[in-house]
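Dear colleague,

Please find below the sequence and the structure that I am handing over to you.

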Amino acid sequence: MQWFPEVRRPAADLPPQVTVFEVGARDGLQAEKQTVTTATKVELINRLMSAGLTHIEATSFVSPKWVPQLADAAEVMAAIERPPGVRLPVLVPNQRGLERALAAGAQDVAVFVSATEEFARANLNTTVEGALEMVAPVVTDARAAGVRVRGYVSMCWGDPWQGPVPAASVVRVTDRLLELGCHRVSLGDTIGVATAGGVHQVLQAHGDHGIAPDQLALHFHDTYGQALTNVYAGLQFGVTEFDSSAGGLGGCPYAHSATGNLATEDLVWMLHGLGIETGVNLAALVATSVWLARRLGRPSPSRVVNALAGRIAPEHDQQRGPRQQSDETGQD
């Protein structure tokens with residue numbers, strides 16, 4: 001049965017291949033009110049790998065007092081599979097978090113900083129400069145241990161307390177994270193207010209400062225239904241890494257109106273329709289989000305998941321299976 005985009009039109013001005021950076025197991029689950037079992041988290045990550053995702057943010061080594069949902073970070077890291085070619089980064093807020101992550105065998109970590117003073121105070125109880133000073137030794141120590149570091153910048157287009165964010169503020173933080181040694185920096189639309197014009201403005205400001213598209217990733221929320229349009233704007237600038245969450249789960253628990261991570265299925269559907277390779281098997285991914293929705297007791301907010309949930313071939317709706325190939329042929 002054919003149910004993928006029937007027409008794929010590769011665009012000469014867009015990248016031929018994109019990395020889908022899956023954040024569902026961390027960002028997607030961190031704000032869940034009901035406790036998600038360690039076994040469910042492990043199964044989710046293993047399923048995501050089976051669907052062909054190669055960059056999966058597994059968990060966070062933040063204090064359990066602040067994010068109790070991820071208190072089992074070490075247990076998750078000990079139980080998940082680690083096949084060759086798959087990167088499983090973990091978020092670390094400080095040096096203590098890095099120590100725990102290294103003890104758990106992490107090979108990739110991520111640090112986060114706000115682009116605005118207001119959110120830095122609300123989320124980290126510090127200033128933007130204070131947050132940068134806090135992550136500096138984390139990046140240094142991680143790199144000394146042979147661990148790759150990704151940077152996150154939150155509130156890149158809007159802040160619920162400040163309002164619109166100047167592009168120059170974002171560039172300053174991105175530049176500092178790259179100078180510290182982050183291999184890539186993900187720019188986050190934490191409250192989902194970005195539109196394509198704003199994306200162009202922020203990316204152009206980075207380019208004018210000498211920051212190349214391959215040094216950046218983009219992390220959009222779909223709060224106002226603009227996430228895919230914003231992804232397209234990023235593609236036009238040559239960005240080739242986009243964050244998304246299986247089934248559209250999650251958001252930032254410390255930001256008002258921050259619901260609605262871009263659903264990985266919606267992102268993959270669009271990319272494949274543009275002829276852009278992702279390596280992701282959409283059928284297996286949809287089956288994973290259907291399975292997780294049942295575990296959480298509510299439907300997925302992803303439009304693609306809801307459109308395709310009843311059309312999944314039985315072999316994809318299994319607890320687990322071998323890693324799937326990309327749906328390159330457009331056939332189930």
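This is a predicted model: local features need pLDDT of at least 70, side-chain atom pairs count only at pLDDT 80 or more; totals for chains, interfaces and linings use all residues.

Helices H2 and H11

Helix H2 covers residues 38–50, and helix H11 covers residues 282–296. Their axes lie 10 Å apart, and the two helices pack at an angle of about 170°. An angle over 145 degrees counts as roughly antiparallel, and H2 is therefore roughly antiparallel to H11. On the H2 side, the contact is made by Thr-40, Glu-43, Leu-44, Arg-47 and Leu-48. On the H11 side, the residues are Leu-285, Ala-287, Thr-288, Trp-291, Leu-292 and Arg-295. Sorted by class, the contact of H2 with H11 has six nonpolar, two polar and three charged residues.

Helices H7 and H8

Helix H7 is formed by residues 167–180 and helix H8 by residues 196–208. The axes of H7 and H8 come within 9 Å and cross at roughly 50°, and the two helices are therefore oblique to each other. The crossing in which H7 passes H8 is right-handed. Which residues meet here? Ala-167, Val-170, Val-171 and Thr-174 of H7 are in contact with Gln-201, Val-202, Ala-205 and His-206 of H8. This contact of H7 with H8 has five nonpolar and three polar residues, with no charged residues.

Helices H9 and H10

Helix H9 runs over residues 227–236 and helix H10 over residues 264–273. They pack at an angle of about 50°, with their axes 11 Å apart, and H9 is therefore oblique to H10. The crossing of H9 and H10 is right-handed. From H9, the residues that take part are Leu-228, Val-231, Tyr-232 and Leu-235. They meet Asp-266, Leu-267, Met-270 and Leu-271 of H10. By class, the contact of H9 with H10 has seven nonpolar residues and one charged residue, with no polar residues.

Cavities

How many cavities of 30 Å³ or more does a search of the whole structure find? The search finds two.

The largest cavity holds about 60 Å³ of space. Its lining consists of Ala-246, Gly-247, Leu-249, Ser-289, Leu-292, Ala-293, Leu-296, Arg-298, Pro-299, Ser-300 and Pro-301. Leu-292 is one of these lining residues, and Leu-292 of H11 also takes part in the contact with H2. The lining of the largest cavity divides into seven nonpolar, three polar and one charged.

The second largest cavity has a volume of about 50 Å³. Phe-21, His-55, Pro-89, Asp-108, Val-109, Arg-148, Val-149, Arg-150 and His-183 line this cavity. Strand S5 (108–114) and strand S6 (148–154) are the elements that give two or more residues to its lining. Which element gives the largest share of this lining? The largest share, three residues, comes from S6. By class, the residues that line the second largest cavity are four nonpolar, two polar and three charged.

With kind regards

Technical notes:
Residues are numbered from 1 along each chain as its sequence is written. Side-chain values use heavy atoms; hydrogens and water are left out. Axes are lines fitted to C-alpha atoms, for helices over the stretch in contact, and angles run from 0 to 180 degrees between N-to-C directions. Helices (H or I, at least four residues) and strands (E, at least two) are DSSP runs, numbered from the N terminus. Angles under 35 degrees count as roughly parallel, over 145 as roughly antiparallel, 65 to 115 as roughly perpendicular and the rest as oblique. A crossing is left-handed if the near helix is turned anticlockwise from the far one by less than a right angle, and right-handed if clockwise. Contact means heavy atoms within 4.5 Å. Ala, Val, Leu, Ile, Met, Phe, Trp, Tyr, Cys and Pro count as nonpolar, Asp, Glu, Lys and Arg as charged, and the others, Gly among them, as polar. On a 1 Å grid over the protein atoms alone, a cavity is a set of points where a 1.4 Å probe fits but cannot get out, and a pocket is an open set with protein on both sides within 12 Å along at least five of seven lines; lining residues have an atom within 4 Å of a point. Grid points are joined across faces, edges and corners, and a volume is the space filled by probe spheres set on the points.
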